[in-house]
Amino acid sequence: MASPASPGSSPGSTPMLEMAGAPNVSHVFVVFGASGDLAKRKIYPCLWLLYRDGLLPPGTKFLGYARSAMTTEDHRSRVAPFLQVSRSDEELKEKFLSTCTYMPGSYTDAAAFEKLNSELARLEGEMAPGQPANRIFYLALPPQIFMAVTSNIKSTCMTPSGWNRVIVEKPFGMDSSSSSVLSKHLSSLFAEEQIYRIDHYLGKEMVQNLLVLRFANSVFTPAWNRSAIQSVMITFKEPFGLRGRASYFHDVGIIRDVMQNHLLQLLCLIAMEKPASISPDDIRDEKVKVLKCMTPISNDEVVLGQYVGDPEGEGEAKLGFLDDPGCPPDSKQCTYASAVCWVKNERWDGVPFILKCGKALDERKAEIRIQFRAVAGDIFGGRCQRNEFVIRVQPKEAVYMKMMVKRPGRDTGMFESEMDLSYHLRYKDINLPDAYEKLIQDVFLGNQMNFVRSDELAEAWRVFTPLLHHIEGHKVEPIKYKFGVRGLPEADALARKLGHFYSGTYKWSTPRL
């Protein structure tokens, strides 16, 4: 078979062609933390979809590993309800489940990893005895046990006859210091091209579309800078609370969980210069340059919030963050944050990048809103609203440009409308794969373009660590907000102060054909 693409190969190659053949090479995908929520809700369902669509090397095996004492049949029974299966795929689903085995064991005991390695060798012998073997290790684990697991993988479970790749889930540390320790540890064990730090936002359709929108459309080139753009607002909203995850969230918070990774990645893709090519390292080089031009976030340009229950709400809306099981009653952790980032370079100097994210708000939404400057020499009596270019990441992926137009008919007035590309209407027959599905496939292909590099990670933590230390060191009290609100008025006021204008006169609605 053709070998998987190297990290420097073109990501435009056809995955199905690269995955074809391979009867003489075995592949085993190991899921550490296989008994956990992420594994059963995301990893295995995405592996199933790749398997169903023929996008994995033939004969690939899947081995789950965790501390939980259960059998392979127990494991299959836990995974099966989360697989999207049509009636016609029932037989294929059973074949997929037959390739999934489970092994209980310790994360710290070297002897347990020797048994794991023996099981890997047994599976590889069934597929292609005496032939090269490739292994992928997915760490769906809390970061505090990354070091023990990766040390044991390196000393005991690496295949000597093929490639080894390690997928690491966020958070990649808690601040600059802890992230540096983890990065140094990983780099002492593996080469950078073996490490895949996964941020699932980089696998989303509209995020991957940013590169094409930016650099394949010359219409944007003259306007993509401080001369034309007033502000950039990147928003993430969820309409539900922590749902039993408050004990985890108390330690992490919304800044580490969403802003320092997902939203910062979007900022880099919006702000980066054109790369020399579309090779992974050329693209990541430009993202690092953006981060190096950023100053640490100012404590004075941040709004923090924590949701409380709405007495008039229904169901979980009646419960606040502090009411969630496992949450310390005096927790000051923020479930909402708005922060301002500045990119100090020739293109963006003076343009605020406003990052906003929160739980228990009024809707589910992730979008990038690029607001252009007001019309110079306005001849319409101040009735013009600012143009906005909006990239809707989720839900219902879309790209639209908000603009002023004349009212149709005899009326000579004007109103706000849009030029709209809604994916669910324009591309009705195209199935958009899950972000994890795309990224896992990229790991098989050896394409690191949509994964975070170590120097990129270090710069990201440099921007956020002083703020996080200030919040936690001074026990900053978050503003209380009611479950289901649009956002915090204080965040709106901060955006207005920076020149971002929200008129409230227009709301994008999903178009209908």
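A crossing is left-handed if the near helix is turned anticlockwise from the far one by less than a right angle, and right-handed if clockwise. The model is predicted: local features need pLDDT of at least 70, side-chain atom pairs count only at pLDDT 80 or more, and totals for chains, interfaces and linings use all residues. Residues are numbered from 1 along each chain as its sequence is written, and side-chain values use heavy atoms, with hydrogens and water left out.

**Exercise 1. Describe how helix 8 packs on helix 9.**

Solution. 
- Helices (H or I, at least four residues) and strands (E, at least two) are DSSP runs, numbered from the N terminus. Helix 8 covers residues 205–215 and helix 9 covers residues 246–271.
- Take the geometry. Axes are lines fitted to C-alpha atoms, for helices over the stretch in contact, and angles run from 0 to 180 degrees between N-to-C directions. Here the angle is about 15° and the axes lie 9 Å apart.
- Classify. Angles under 35 degrees count as roughly parallel, over 145 as roughly antiparallel, 65 to 115 as roughly perpendicular and the rest as oblique. Helix 8 is therefore roughly parallel to helix 9.
- Assign the hand. Helix 8 passes helix 9 in a right-handed crossing.
- List the contacts (heavy atoms within 4.5 Å). Val207, Leu210 and Arg214 of helix 8 meet Leu266, Leu269, Ile270 and Ala271 of helix 9.
- Count by class. Ala, Val, Leu, Ile, Met, Phe, Trp, Tyr, Cys and Pro are nonpolar, Asp, Glu, Lys and Arg charged, and the others, Gly among them, polar. The contact of helix 8 with helix 9 has 6 nonpolar, no polar and 1 charged residues.

**Exercise 2. Classify the packing of helix 2 and helix 4.**

Solution. 
- Helix 2 (residues 37–52) and helix 4 (residues 90–98) pack at about 120°, axes 10 Å apart.
- Helix 2 is therefore oblique to helix 4.
- The crossing of helix 2 with helix 4 is right-handed.
- Contacting residues include Trp48 of helix 2 and Phe96 of helix 4.
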